[in-house]
Amino acid sequence: MKLTILHAADQIYNQWSGGKTAQLEIFPTDAVYSEQNFIYRVSTATIDALESDFTKLPNYARKLMLLKGEVR
């Protein structure tokens with residue numbers, strides 16, 4: 001198995017309606033998130049707004065995990 005070390009400077013960062021997201025992994029590696037042509041994606045996100053809408057991803061099962069703080 002080939003392993004790749006991804007440094008923070010190599011990550012793709014984007015703004016979303018609630019904060020900022022960092023893409024940690026996408027497969028296949030040439031997939032583009034905005035085109036929704038990926039099989040899976042792993043990312044982290046900050047939530048800075050009191051209210052926001054998640055990006056619609058109708059053909060994907062989204063799994064969320066809280067890493068810090070609380071969501072109300």
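Helices and strands here are DSSP runs, numbered from the N terminus: helices are H or I with at least four residues, and strands are E with at least two. By that rule, Val42 has its place in strand β3. The model is predicted, so to speak of local features takes a pLDDT of at least 70, and side-chain atom pairs count only at pLDDT 80 or more, while totals for chains, interfaces and linings use all residues. Residues are numbered from 1 along each chain as its sequence is written, and side-chain values use heavy atoms, with hydrogens and water left out.

Start with the strands. β1 and β2 pair in the antiparallel sense, over five bridges; two strands pair if DSSP finds at least two bridges between them. A hairpin of two residues joins β1 to β2. Ile12 stands opposite Gln23, which is in β2.

Now turn to the pockets. A pocket is an open set of points on a 1 Å grid over the protein atoms alone, where a 1.4 Å probe fits, with protein on both sides within 12 Å along at least five of seven lines; lining residues have an atom within 4 Å of a point. Grid points are joined across faces, edges and corners, and a volume is the space filled by probe spheres set on the points.

The largest pocket has a volume of about 1400 Å³. Its lining holds 37 residues, and Trp16, Ala45, Ile47, Phe54 and Leu64 lie nearest its centre. β1 (12-16), β2 (19-27) and β3 (40-45) are the elements that give two or more residues to this lining. β3 gives the largest share, six residues. By class, the lining has 20 nonpolar, nine polar and eight charged residues. Nonpolar means Ala, Val, Leu, Ile, Met, Phe, Trp, Tyr, Cys and Pro; charged means Asp, Glu, Lys and Arg; the others, Gly among them, are polar.

The second largest pocket holds about 500 Å³. It is lined by 19 residues, and Leu6, Leu24, Glu25, Ile26 and Thr29 are the closest to its centre. β2 supplies the largest share of this lining, four residues. The lining has nine nonpolar, six polar and four charged residues.
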